[in-house]
Structures are given as structure tokens and as C-alpha cells.
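Please open the model in your viewer and keep the backbone displayed. The tour below moves through selected backbone features, one selection at a time.

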Amino acid sequence: MITDLQMHEKANQPENDESVQQPKAVETLFVNEFIDGILDPQQKMLGPVKNGGTIIANTTPGCWGPMLTPTIRGGHEVTKPVFVEGAEVGDAIVITIKSIQVTSLATASGHDEAILDRFIGDPFVSVKCPGCGKLHPATVVNGIGAHAIRCSTCDTETAPFKMTNGYTMALDQKGNIGLTVGREGARRIALDAKNYMRTPENSVQNPVVALAPSDLIGVMARMRPFLGQLGTTPSKAMPDSHNAGDFGSFLIGAPHEYAFTQAELDTHRTDGHMDISRVREGATIICPVKVPGGGVYIGDMHAMQGDGEIAGHTTDVAGIVQLQVSVLKKVALEGPILLPNEEDLPYTAKPFSKEEKRRARELAEEFGVKQVEEVFPVSIVGTGTTLNDATTNAISRAAKLFDMSEPEVMNRATITGSIEIGRHPGVVTATFQVPKTMLKKARIFKPIKKQYD
């Protein structure tokens with residue numbers, strides 16, 4: 001007989017509790033569902049996908065479209081998180097980017113300015129219609145141009161952001177070149193916005209090209225797509241664009257339901273919103289697991305970007321992504337580790353050639369050094385309110401992970417690596433050569449050896 005207590009315990013078990021029977025894990029999971037902007041560990045995940053399995057996703061454009069859509073409450077529109085078989089809190093998930101394909105034919109972007117009477121506390125999270133006062137109002141795209149986003153209830157202009165300098169860019173279908181177009185080209189694209197943006201069927205965002213900006217005309221840019229959002233679910237519900245130390249700082253003491261303290265932000269975030277241009281095809285990310293199953297999510301694909309995303313935004317596009325995921329047991333990380341393509345590494349951090357190793361051994365023999373370190377490059381992601389804070393965060397994380405002093409990390413990063421900007425104002429990577437013995441002790445040697453050896 002089942003007692004009342006047993007029935008109560010069963011009813012109150014978390015959805016991802018191991019005692020609840022999970023669906024059978026699949027080898028390949030196709031993803032085309034998206035969240036409403038909030039990464040919530042209490043929401044049911046997709047999957048599970050097998051440890052070692054593949055995730056294929058049709059991702060939506062990132063920043064600007066969701067920023068123009070008040071019903072999306074986090075500033076982005078990322079995929080629903082995926083449960084990875086065998087991933088437990090305190091593990092890590094290795095995500096290898098097998099391919100990235102841009103499907104958008106055009107996009108629009110630019111530097112933003114928030115409009116003060118259209119939000120409460122945070123224009124990414126708590127949008128208010130200045131006409132009827134509704135929070136997170138439903139909207140329609142009425143015509144094209146800067147005033148096209150209107151409240152469905154009262155027809156008041158409602159988008160919480162405007163472009164201070166913007167552009168519309170047509171994208172070469174071979175995936176090589178983008179070109180900013182003039183007023184007539186932007187109008188042509190805006191009138192067929194969803195077709196040019198190729199937004200997935202389940203996406204609810206207003207297409208940014210509907211604004212038809214054309215301040216920059218005839219500018220060429222090389223395409224090299226990457227993922228601005230790639231990571232695991234935080235252990236407390238938070239807006240997706242704020243899952244990092246810089247954007248996350250907007251949540252501290254915020255006047256809405258997703259307010260955090262600094263300690264809570266540091267504990268729960270997983271830094272999935274990196275905007276690091278090296279997170280591209282061929283790269284590998286090792287991500288912390290802070291909820292059962294990890295909750296791998298994807299989004300914010302960009303067609304191109306240099307270091308820093310200094311304008312605040314770049315070319316948001318839809319696309320097809322293929323990832324391979326595998327679990328590293330008992331690897332507790334505070335934030336992500338990036339293993340870039342070898343060509344994306346700083347000169348000082350690239351793997352040493354046989355000739356370089358031979359010369360080092362000659363110097364060792366001459367000066368009585370008993371052993372030359374066997375090393376591999378690693379990029380530790382750090383985030384914070386400013387770039388200085390982010391650098392401090394990366395150095396601190398590296399020191400804890402490899403059981404080094406912070407001055408030793410600084411020395412190694414100076415002579416065998418580099419500090420590189422991911423996003424302004426506060427995402428960096430501390431890249432340096434790490435001895436094989438330390439990588440093994442930290443339990444992360446195998447994916448690093450696979451990436452570089």
C-alpha cells in the first residue's frame with residue numbers, strides 16, 4: 001500500500017531527479033525549440049542525449065531580434081536546454097563544435113541606446129509599454145523602419161531600444177562575405193524580413209531587419225561564424241543574456257523578480273554568454289555542470305566579430321549547429337574552459353614543434369635543467385563587471401583549477417600565452433601553456449590532448 005507520505009514525496013520530486021525514470025537517451029537529438037529568455041533549472045529539459053552523442057540545432061538570431069520582442073524576457077532566444085546522460089552536479093561537459101552553418105541571407109545590427117520610459121530597471125528583462133503600461137506586452141511589426149514595433153493592445157511604439165548607428169548587411173550565400181546595403185536595399189530586405197533572416201518556425205522574435213537601418217553603406221566584412229551563447233544551465237533561474245559576470249551585474253539588487261546578490265551570481269552563473277569569436281567550428285568548450293543533466297543550450301550565432309564586440313552587438317544570424325557532447329566525471333569548474341582552434345591561439349601559446357622541443361632540451365642540458373615541461377594550451381574564461389574584473393576572475397579560476405598561486409598563473413600567461421578580450425565590458429580568456437601533470441591532476445587532460453596532440 002502506498003502511504004500518503006510516499007505519495008507526497010513522489011509528487012514533490014524534482015523533474016530531473018535520478019529517482020524519476022528518464023526517457024531513453026538518444027544518439028542524436030534535433031533541437032528547434034526555444035526558451036522565453038529565462039534559463040530556469042526547474043523547467044523540463046529536452047533529451048536526454050547520450051554521453052558522447054550529438055546535438056543538432058536550428059538556432060535563432062541573438063541580440064537585436066529578442067531585444068525588440070518584449071515577450072522574450074531575457075534579451076536572447078536560445079534553445080531549450082538538453083539533458084546529457086550521466087551528467088551530475090560537480091561534473092563537466094565537453095562540447096565540441098563540429099559544424100556551424102549560417103542560414104540567414106541578411107541581418108541588421110548597430111549600437112544601441114535604451115529608451116528610458118519603456119522598461120523597469122533593465123531593458124533586456126522588464127519591458128513596459130509606455131502607452132497601456134503592460135509588462136512584457138505582445139507586439140506586432142507594423143510596417144518597416146525605426147518605429148515599426150508596436151504594442152498589440154494600444155498600438156504604442158514599444159521596443160525598449162533604438163539604434164544610434166545601424167546597418168543592414170546582405171550575406172554571401174557561399175558564407176564568405178557580408179556587405180552593408182543602402183536605403184533601398186535595406187527596405188527590400190525589411191519588406192521580406194523573416195525570409196531574409198530565415199528565423200526558425202518556433203521563434204517568436206521580431207526580425208531586426210524590419211527596422212531597415214542604413215547608416216553604413218558599402219562596408220565589406222569577412223564572415224567567420226561563431227556562437228555567442230554556448231554553455232550549461234545556471235543553478236538558479238536567470239535571464240539568458242545575463243548568464244555572465246558582466247551582464248549578470250545588472251541583476252544585482254534589480255527591481256524585478258530575477259534580482260541576485262553578488263554572491264548568488266557568482267555561485268549560480270555558468271558564463272554561457274561569452275561572445276568570444278573563437279567559439280567557432282573546430283573549437284571545444286568544457287563547461288561546468290551545476291544542475292542534473294547539465295542543460296546544454298545554444299544560440300546567439302554571429303556571422304563575424306573581432307575581439308571585444310565593442311559596438312555591443314554584431315551580425316546576429318540564424319543557423320544550423322552540430323555539437324558532440326561528453327561527460328567528464330568529478331571535474332568541478334567555476335566557469336568554462338575554451339580550447340580554440342590552433343590557428344586562433346596566441347603565438348606564444350601555440351603547441352611547440354619538434355624542433356622547438358629539441359632546442360629546449362639542448363638548453364636544459366647546458367644549464368642543468370633535469371626535465372623540460374610537457375605542456376598544452378588552455379584558455380580559462382573569466383567574466384566580471386569590467387575587463388579588469390574579468391581578468392582577475394580568469395586568473396583566480398586558473399589558480400584554483402591547477403593548484404597554482406595567482407602570481408604563477410600571471411607569469412605563465414605573460415610568457416606562454418595572452419589575455420584576450422571576449423566581450424567588452426567584461427569577458428576575457430586567460431590563455432597559457434599548462435604542464436601535462438597539472439592537466440591530469442585536474443582531470444581535463446584527455447579532451448585537451450585530443451584537441452591539440
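Select Pro-48 to begin: this residue lies in strand 3, which spans residues 46–59. Strands here are DSSP runs of E with at least two residues, and helices are DSSP runs of H or I with at least four residues, both numbered from the N terminus. Display the peptide bond from Gly-47 to Pro-48, which is cis, with omega near 10°.

The model is predicted, and local features need pLDDT of at least 70, side-chain atom pairs count only at pLDDT 80 or more, and totals for chains, interfaces and linings use all residues. Residues are numbered from 1 along each chain as its sequence is written, and side-chain values use heavy atoms, with hydrogens and water left out.

Now select His-136, in the loop that links strand 6 (106–114) and strand 7 (139–141). Although His-136 is not a glycine, its phi is positive, at about 50°. Is His-136 buried or exposed? With 15% relative accessibility, His-136 counts as buried; buried means under 20% relative accessible area, exposed over 50%, and partly exposed in between, with a 1.4 Å probe and protein chains only.

The last stop is Arg-443, in the loop between helix 9 (436–441) and helix 10 (445–452). Arg-443 also is a residue other than glycine with a positive phi, near 70°. The relative accessible area of Arg-443 is 49%, and the residue is partly exposed.
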